[in-house]
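Please keep the sequence and the model in view while reading.

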Amino acid sequence: MTEKGVIKSISNISNKQHIRRKQWKKDSRNYRKESLKQAKETPEAEETRVGSRGSLRIQSGRKVPKCTYSSLRKILRSFKKYISCLDKFKAILTDFIKMITEGKMEKQESFPKPDVVLQQLQIFLSGASRIAKVRNAEVAQAAICLLKSTEAARDAALEHAYNLFDESVNNFLKLEISDRDSEGVFNDTIVQEVHKVLSDYVDKEPETWAPIISTWSLDLLGYLSSKYADRRGVLHASLPEVLQLWMSCPPTRMLIDLTTQCLSTLVSSNPDTCIDALIETSVRHSPHFDWVVAHIGSCFPNTVITRVLACGLKDFMQQDITDEAQISTNKNPKIASVVGILGHLATHHDSDTRAAIRNLFNESFSDSATREQLAAGPFLLHLAAMSDTLSHVISSEFVKVVNPEVLNKMYHQVEKWKSAKIPGTEGLANLVVHLLLRSDGGCQVIRCLLNIMPPSNVEVHAGIKSAAGLILDSVLIEIQRRAYGGAAEIPLLHFLKTHVADLTSCLTNPETSKASWVLNLLKFICFHGEEPATVFVLGYLMSSVDNAAPYISNIYQDIRMHQPHALSATLSHQMAELKSNRLSKPVTLIQNIISLCQRDPWTPLITEGMAPNLEVLAGQIDSKNTEYSDAVVELLSICVNPKQMPMSSLFIVCSSVVSYFFHLLGRKGVDLVIKITLINNIKSLLANLCQQSSAQHAVLRMLLEGVLDKKYSLLFGAKLKSNETKPISETNLLDENVKYMSSITLPQSHSSVFHSGIIGSGLRTTKSIPQPERDIVLLNKQVILDIIQACCKVSWRFPLDDVSNSNNQSLIPGMKIVALLMVELISPDVMFNGLPWPDEDYLKVTVERDLHIKKMFEDYPILWDLLSLVATNHPSLCYCSVLLRAVMAVLLSFWSSSQEKLTTNCPKELATSQHLINIMATGQLLPPPLSYIDEVLPLVTPYEAFNLLSDIWQYMRDNVPSPALFHSKVPGSSRMWRDFSGDKKDETKQFCDKKYISRLRFILFANIEKFGVVYAKFFPSG
C-alpha cells in the first residue's frame, strides 16, 4: 500500500467515527426527552424530578419503581462497553499513525532531498574554504549532514571533525572555567552528534566502516596526545595519571569508545587493520600515545598482545640483524613500538602476555610450521634484548617449557633456520650471552644450562650439552672481562647473589667442570660485589653446605688480597645469625669452621675472626643437641686465646665449658673412645683458659663446686640418701580418739587424755640412691683429678712466659688454690681455720665443726682423692690443716671410747685413720717413724691406736705445718721438700723427738712377735 493510500484509509476511518459519534449524541437526546415525558404522566410525579441533563434524582422518603432502575442499568452497561471499545480503537489508531509518521520522518531524515544536500554542501564548502563568512555552527551542521548523506564528502567531513575534536579538547584543557564560551559548549554538542553518527555507521556496516573509523580515531588520538602533551597536568604526569586525565575528557573518551567499538566488531574477523593502525600511531606519537595503548590493551589484552606479536614478527622477517651491536642500536621504529606496547601490557597483564609468548614459542615446533613461525625463537630473543621486562617474561617462560624433548627439537630447528634464511640467527650465541648478562631471568636460564652440563641425568643431544658449555664459558669470560675492567654494574652477578643456594647445589663433586664453573662464578660475585657480597656467599657456604671448607678456602684465597677482612666479617655475621637462632643448620656452620681450622694457614685467621664472638659461641654449649655442643667445644678448644679476651667473655666461656664437662660425664650411651676424645678437648680448653689467673680461680672453684653438687656428685661415688615423705592424708581427731580409747572420760574429772594427732607425716624413710658402676666412678675420678691438675699446671703468675717451657710449669700455686677452696667449701666455719693445731682439750669447742667435716669426707669420698692430689704437691697440704685436724679429732674421740679388742673390728674408722696418716705422710707433715704408723694400726688395740694418734697430734701441735719449712733441693726446680734430718752434720740425730715416739717404741716392744719384721724400719739405729 502506498503512502497516499494509507493516509486516505486513515481519513475514511476518522469520518466514519465522526458520523457514529453524532448519531450517538442524537439518540441520547431523544432518550432523555422520552424519559422526561413518562415521568410527568406517572402519579408519583411529585416524588420524582428530572435533572437538568435528563438524569433522575430520587427525593428522600420516596421509592422509584424497579422497572425504571433495571432499564437504566442495562442502558448504562451498554453505554460503557461502547465507550471502552471506542477508546481501544482510538489507542490502536494513534499508535499506527505515530509509527507511520516516524517512519516517514526517518526516511526523510536518512534520505534528505537533493536540494537540501546541495544547500548543505554549499554551506560546508563556503565555510571550510573560507570563501564566504559562515558561522562555525552552520558549517558543523553541514558536515554532519554530508557525513550522513553523501559518501563522496565523508573524507572532507571527517577532516573537518578533526578540528571539531581539537577545539573541544582545547576548550576542556583551559585553565579557567570562565574562559569557556557558549560556542565551546555548542562545539561539545556537535562532537557528541558526530560520535553518534560514526557509532551508528559501525553498528550498521562494521566490515566497511570499522577499519576506516578506527584508523581515523587512532590517528586523531595520537595527534591530540602529542599536541597537548606540554599542557599542565599532562607534562610530568605518570601513565596512570595521564590515562585518568584523558579518559575524563569527553572528546577523547568518545574517540576511545569508537576505537574500542571498531576493534570489538573486528576481533573475530580482521583485527590486523586496527592493530596495524595502533602500532603505526604508536610509532609516530610515542610516548604520548602510551595511554591509548594501555586502555585498548586492557580492554582486549589477549587479542592485542597476540596481534602485536604477529605484526612484530612480520616486520622482523623483513629485516636482517646479524650481531649484537645491531640489536642495541636497532632503529626500526615499528619493532620499538611493538616492544613498548608489549612491555606495558606485560606489566599489567602478565598472564596473557606469558600465554601469548608460550603459544608463539610452541607453534614454532610444529611439523607444519611456516617460515614466520620458525622465526619465533630468534624474534623473542630480539624482543628480550630490547626490553628488560620482556626479557624477564621470556626467560621465565623458556625455563618453564624447556625439557629434553624441547631441547632436542631446538637443536634440529637450527638447521631449519639456516635453510629458511631466518634473520638474526648468525649472532644468536652472542645475543644469548648478552641477555644472560643483563637479565634478572638469566639466573633461571643459567640454572637450566648447569643441569644440562655433564655429569647430568638429562638425556639430550650431545650438541646441546656442547652448546650449553660454550654459552656458560662465554658468560664467564665476559663476566671476568667486566669485573676486572671495573664495570660499575653487572646485573647477572647481582641477581645470582640471591640464587647462591641453587648454584651451590652443583658443588657435590668438586672435580667436575660444573663445580669449577660455579666456583669461578662465586669468586666473581664476591670480587665484584665487594665485602657485603663476600660475607653473604661465604656465610651461606659455611652455614648451609656440608663439607664446604675446600670451596671456602678456594674462593677466599683469590679475593684475600682484595678483601683482607672479609673472613672476619663473615664469621661475625654468622655468629650474629647464630645468636638470633636464624640458622637452620648450626652444626654445619661449626663443623665447616673446624674443618677450616685444620688447614695450615687458616687457624690464625679463624682465631682472629672468632675472638670477638667467643661469648656467643659459649652460649651455644647448652644446646640439647649433643652433636652440636661437642662441635662447639671442639671449636672453642681451637680458637680460644684467653690473653686477648675480656673478663666478661672469659668467665662466660669458663662457666659454659665446666657445665658441659659435668654433663658429658653423666651422658649415657656414648662410645668410650669418643668420650675420651671429648674429655681431652675439654682438658686442653680449660688448661688454655687457666693461663689467666682470674680464669684459673674461677675454673677450679667451678670444678670443686661441681664435685660437691648433688646433681653430679654421684658420678664420683658420693653416698647420698634421699628422704621420702608419706603422702599427707586427712585425719579426724574424733575418730582417732575413739580408735585409741586411751582412757574413760568422766564428767567433772581431770583424768581424760586426748590424742592430738601425728605431727607432719610421721617418721621419714631414707632411700639410697642407685650408684653408677664402679669402673665408671673410677674413670670419672681419674678424669676430674687429671683436669684439675692440668688447670694448675700453667704459668699463670707470669703471663709473658712460654707455657710450653716445662721448667716453669709449677703446680704449687694452682694446688694452693685448690687447698684453700677445699677448706672454704668443706669447713662450715670461718673461725679457727688457721694452720696451728691446738691442745686436745680445745677439741670440745670445735666438735660440731669437726663432725661436719668428717661427715663430708664420708659422703664425698672423692675429697680424699683431692687431698691426696694436694699432698703430692708440697707444701699445698699445709693449707688444709683445719681439715686434717678435724678428722683427727673425731678419730681420737672414737678410739678413746671404743670398747673393741682390736681396731680391725672397726674397719671404717681404721681405714679413715690409715688414709689420714698416709696423706699427712705424703704431704711431708709427719716425719719418720710417725709417718709409718698407718702400717701398725691394724695390729693394735683401740686404746693403743688412740695413744699413737695422740702422739701425732702432739707433734703437729708443737710443729706448725708451715709452707716456710719447705725448700727446693735443686735450684730452679718447681718441686719443694721438707728436711726432717735437722743438722746434717750429726748423722745420729733422729728425725723426730723421742717424746713423740716413746709410746710407739713401747707398743712395738710389747708386740715384738708381730712387729719384729718392721721394727728396723721404724727405728733403724736401734
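## Helices H43 and H44

In this predicted model, Glu 944, Asn 947, Leu 948, Ser 950 and Asp 951 of helix H43 meet Arg 999, Leu 1000 and Ile 1003 of helix H44. Sorted by class, the residues of this contact of H43 with H44 comprise 3 nonpolar, 2 polar and 3 charged.

Helix H43 covers residues 942-958 and helix H44 covers residues 998-1006, and the two pack at an angle of about 150 degrees with their axes 9 Å apart. Because angles over 145 degrees count as roughly antiparallel, H43 is roughly antiparallel to H44. The crossing in which H43 passes H44 is left-handed.

## Helices H33 and H35

The axes of helix H33, residues 647-666, and helix H35, residues 693-708, come within 10 Å and cross at roughly 25 degrees. Since angles under 35 degrees count as roughly parallel, H33 and H35 are therefore roughly parallel to each other, and their crossing is right-handed.

On the H33 side the contact is made by Met 647, Leu 650, Phe 651, Cys 654, Ser 655, Val 658, Phe 661 and Phe 662, while H35 contributes Ser 694, Ala 695, Ala 698, Val 699, Met 702, Leu 703, Gly 706 and Val 707. An α-helix has 3.6 residues a turn, so residues three or four places apart point the same way. By class, the contact of H33 with H35 holds 13 nonpolar and 3 polar residues, and no charged residues.

## Helices H37 and H40

Helix H37, residues 774-792, and helix H40, residues 862-871, pack at an angle of about 35 degrees, and their axes are 11 Å apart. The crossing in which H37 passes H40 is right-handed.

From H37 the contact involves Lys 781, Ile 784, Leu 785, Ile 788 and Gln 789, and from H40 it involves Ile 862, Asp 865, Leu 866 and Leu 869. The residues of the contact of H37 with H40 divide by class into 6 nonpolar, 1 polar and 2 charged.

## The covered helix H11

Helix H11, residues 290-299, is mostly covered, with 7 of its 10 residues buried. These buried residues of H11 are Trp 291, Val 292, Val 293, Ala 294, His 295, Ile 296 and Gly 297.

Which helices do the buried residues of H11 pack against? They pack against H7, helix H8 (239-247), helix H9 (250-266), helix H10 (272-285), helix H12 (301-316) and helix H14 (333-348).

## Two single residues

Thr 215 lies in helix H7, which covers residues 206-227, and is partly exposed, with a relative accessible area of 36%. Its side chain reaches the backbone oxygen of Pro 211 at 2.8 Å. Leaving aside neighbours within four places in sequence, Thr 215 is in contact with Thr 273 and Ala 277, and the C-alpha atoms of Thr 215 and Ile 275, 60 residues apart along the chain, are separated by 9.5 Å.

Is Lys 523, which is found in helix H25, buried or exposed? Because residues under 20% relative accessible area count as buried, Lys 523 at 13% relative accessibility is buried. Helix H25 covers residues 513-528, and Lys 523 touches Asn 554, Ile 555, Asp 558 and Ile 559, not counting residues up to four places away in sequence.

Technical notes
Residues are numbered from 1 along each chain as its sequence is written. This is a predicted model: local features need pLDDT of at least 70, side-chain atom pairs count only at pLDDT 80 or more; totals for chains, interfaces and linings use all residues. Side-chain values use heavy atoms; hydrogens and water are left out. Axes are lines fitted to C-alpha atoms, for helices over the stretch in contact, and angles run from 0 to 180 degrees between N-to-C directions. Helices (H or I, at least four residues) and strands (E, at least two) are DSSP runs, numbered from the N terminus. Angles under 35 degrees count as roughly parallel, over 145 as roughly antiparallel, 65 to 115 as roughly perpendicular and the rest as oblique. A crossing is left-handed if the near helix is turned anticlockwise from the far one by less than a right angle, and right-handed if clockwise. Contact means heavy atoms within 4.5 Å. Ala, Val, Leu, Ile, Met, Phe, Trp, Tyr, Cys and Pro count as nonpolar, Asp, Glu, Lys and Arg as charged, and the others, Gly among them, as polar. Buried means under 20% relative accessible area, exposed over 50%, partly exposed in between (1.4 Å probe, protein chains only). A polar contact is a pair of N or O atoms within 3.5 Å; within protein, one must be able to donate a hydrogen and the other to accept it, and residues adjacent in sequence count only if both atoms are side-chain atoms.
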